[in-house]
Amino acid sequence: MTFKEKKEALINHLVSVGVLKTPIIIEAFMKIPRHLFVRKDYLSCAYEDIPLPTYKGQTISQPYTIAVMTEALEPKPEEKILEIGAGSGYQAALLGYCVVPKGKVITVELEPDLVEFSKKNLKKVNLKNVKIVLGDGKRGYPKESPYDKCMITAACNEIPKPIVEQVKVGGRVVAPVNSLFGQSMIVLDKLSEKKYRKKFLGSFVFVPLR
Ligand code: SAH
């Protein structure tokens, strides 16, 4: 099978199990090829529904998990979205595609090697609205705040306060938060400066936020 055929089979699978639903997100999965974001030695597994190693013991998440998180975030055109943990750059590229033409994605990565890797990968897709910055995502990225939404792609004990503060009222954070077994996927809606609503989307496994 060609990459294109494997990609379509994976997307059809994610649609048929009901996890991919929104037309623009399905289109993003079609238009942003995952094989451009995985290491050369894992190319043959690019369209398997499994996480794959990037560098420094980190991973590119499983497509199923990426679909759950992207659907939960509900990215809309013109939104400014913060991602924590650029990794391969794949998730940021999907979000960037969803918010074209006026929206923007800023993704913060702690590991210099992965900043380089994600930058190199992102150049392969023609997206001008994704910015990768080196830094500790636990502090968010105040310089570009406020954000409409934020997605954290590493496991945290709780959603870091600076991130909640940098998201607008009416905005949303999607994050895997440590629980007894693995991580609970949390959708936090910021109803006012002090009031939040939390929804749980089930258990997943993530590398830790450091
Ligand atoms: N979203 C990525 C997968 C991320 S895996 C993708 O689409 O490929 C989690 C990433 O978070 C790793 O790359 C790891 O280096 C990074 N990370 C861990 N702790 C961090 C922190 N405090 N700030 C920023 N990035 C962090």
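Modeller: Let's begin with a word we will need: a residue is buried under 20% relative accessible area, exposed over 50% and partly exposed in between, using a 1.4 Å probe and protein chains only. Helices (H or I, at least four residues) and strands (E, at least two) are DSSP runs, numbered from the N terminus. This is a predicted model, in which local features need pLDDT of at least 70 and side-chain atom pairs count only at pLDDT 80 or more, while totals for chains, interfaces and linings use all residues. Residues are numbered from 1 along each chain as its sequence is written, and side-chain values use heavy atoms, with hydrogens and water left out.

Biologist: Thanks! Which residues of α4 are buried?

Modeller: They are Y90, Q91, A92, A93, L94, L95, G96, Y97, C98 and V99. That is 10 of the 10 residues of α4, so the helix is largely enclosed by the rest of the structure.

Biologist: How do I read a helix with two sides? Which residues of α2 are buried?

Modeller: An α-helix has 3.6 residues a turn, so residues three or four places apart point the same way. In α2, residues 23–31, the buried ones are I25, A28 and F29. They lie on the same side of α2 because they span an arc of only 100° around the axis, judged by the directions from the helix axis to the C-beta atoms. P23 and K31, on the other side of α2, are exposed.

Biologist: What covers the buried residues of α2?

Modeller: The cover includes α1 (3–16), α3 (63–73) and α4 (90–99), where contact means heavy atoms within 4.5 Å.

Biologist: And how do I spot aromatic pairs? How many does a search of the whole structure find?

Modeller: Rings of Phe, Tyr and Trp (its six-membered ring) pair if their centres lie within 6.5 Å; planes under 30 degrees apart are stacked, over 60 edge-to-face and the rest tilted. The search finds 4 aromatic pairs. In one of them, the ring centres of F29 and Y90 are 6.4 Å apart and the planes meet at 85°, so the pair is edge-to-face. Since F29 sits in helix α2 and Y90 in helix α4, the pair ties together parts that are 61 residues apart in sequence. F29 is buried at 2% relative accessible area, and Y90 is buried at 3%. F29, F37 and Y90 form one aromatic cluster.

Biologist: Now a loop residue. Is T153 buried or exposed?

Modeller: T153, in the loop between β6 (147–152) and α6 (161–166), is buried, with a relative accessible area of 13%. A polar contact is a pair of N or O atoms within 3.5 Å; within protein, one must be able to donate a hydrogen and the other to accept it, and residues adjacent in sequence count only if both atoms are side-chain atoms. The T153 side chain reaches the backbone oxygen of I84 at 2.9 Å, and one of its polar atoms is 2.9 Å from the backbone oxygen of G85.

Biologist: Last, the ligand. Which residues come nearest?

Modeller: Of the 25 residues around the ligand, S88, E109, D136, G137 and R210 come nearest; a residue is near if one of its heavy atoms lies within 4 Å. A ligand nitrogen is 2.9 Å from an N or O atom in the side chain of E83, and a backbone N or O atom of G137 lies 2.7 Å from a ligand nitrogen. Taken alone, the ligand exposes 580 Å², and the protein buries 99% of that, by the Shrake-Rupley method with a 1.4 Å probe; for residues, only the protein chains shown count as cover.
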